[in-house]
Amino acid sequence: MSEAKSARLELRLRNDLTELDTLSEALEEFCEAKAVPTGAAYHLNLVLDELVTNIVSYGYEEDAGEREIVIQLEREANAVAVVVEDDGVAFNPLSAKEPDLDASVEERPIGGLGLHFLRTLMDDLCYRRKDGRNRLGFRKPLTDQPNAA
Amino acid sequence: MQIDETMDGDVLILSIQGRLDSNTSKQLDEVLTNQVQNRPAVVLDFSGLEYISSAGLRVLLKGAKQARASNGKLALCSLSPHVREVFDISGFSNIFSIQADRQTALAAVK
């Protein structure tokens, strides 16, 4: 690819869950090429999967038609910086409630885990709503240990 | 994602291969919902499971609730370190019987 030397990747996904395969394949390629450890690559895939799933499932009206979710990744010296943008309904993931992780099987609510992964696995979260678009930024720090949690 | 079904005595073993995400979780939901209500014990073998998201956990939680309601047993086995970590972060390690391999999982549900 012509962008082989670039530390950046821009992904444009349709609002369709089958795009999760496109996401995982592109991420795998990016992380391999940029020497991102497998543990961090898995975390990036998990968090982006959860965000895209949320946007596709709840971000648009039933008859919204085809829309675009834009993901930008940048390999920094000791981190991967990520920006996710969509034109769905306003939603601030930073203000969502934390799930009760100690609840039993019967009491365990279904939902809320995706954003828990975001807050647990990523740093430097920032959200902005501007011109009808959600813009979520975060960073995955890369430690010296390849598979560190 | 691929789901293989095999029997060991009364125990149904479901081997999951591939990725369990919001795009594929419905497939497992259909199989698991049907089977946990009709079988005394189900083992989910995750040795071929490359990836799981919260959509996958959701289906497993639903299956665990149904198993409990019908007095059935459910155990998981052979989780990769990445998959295991997702269970740990979400607190799901505490609500499932997670076994090292298929043999110990079979022993756990018998």
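User: How many helices and strands are there in chain A?
Analyst: This is a predicted model. Read along the sequence, chain A follows the pattern β-α-α-β-β-α-β-β. The count for chain A is three helices and five strands.

User: What radius of gyration does chain A have, against that of a compact globule?
Analyst: Chain A holds 149 residues, and a compact globule of that length would come out near 15 Å. The value for chain A agrees with this. Its C-alpha trace spans about 45 × 40 × 25 Å along the principal axes. The radius of gyration of chain A is 16 Å.

User: What share of the residues of chain A count as buried?
Analyst: A residue needs 20 or more other C-beta atoms within 10 Å of its own to be buried. Applied to the 149 residues of chain A, that gives 32%.

User: Is A:Arg75 buried, partly exposed or exposed?
Analyst: A:Arg75 sits in strand 2 of chain A, residues 68-75. A:Arg75 has 19 C-beta neighbours inside 10 Å, so it counts as partly exposed.

User: Which residues does A:Arg75 touch, not counting residues up to four places away in sequence?
Analyst: A contact here means C-beta atoms within 7 Å. With residues up to four places away in sequence left out, the partners of A:Arg75 are A:Ala7, A:Lys34, A:Val36 and A:Val80.

User: How many Å apart in space are A:Arg75 and A:Phe117?
Analyst: In sequence, A:Arg75 and A:Phe117 are 42 residues apart. In space, C-alpha to C-alpha, the figure is 21 Å.

User: In what order do the elements of chain B run?
Analyst: Chain B has four helices and five strands. From the N terminus on, they run β-β-α-β-α-β-α-β-α.

User: Why is chain B as compact as a globular protein of that length?
Analyst: The globule rule gives 13 Å for 110 residues. Chain B comes close to that, so it is as compact as a globular protein of that length. Its C-alpha atoms fill a box of roughly 30 × 25 × 25 Å along the principal axes.

User: What share of the contacts in chain B between residues at least 6 apart in sequence join residues at least 24 apart?
Analyst: Chain B has 110 residues, of which 46% count as buried. Take its contacts between residues at least 6 apart in sequence. The share that joins residues at least 24 apart is 72%.

Terms used
Residues numbered from 1 in each chain as written. Chains lettered and ligands numbered in written order. Predicted model: local features only at pLDDT ≥ 70, side-chain atom pairs only at ≥ 80, totals over all residues. Helix = DSSP H or I, 4+ residues; strand = E, 2+ residues; numbered from the N terminus. Buried ≥ 20, exposed ≤ 12 C-beta atoms within 10 Å, placed from the backbone. Contact = placed C-beta atoms within 7 Å. Rg over C-alpha atoms; globule rule 2.2 N^0.38 Å.
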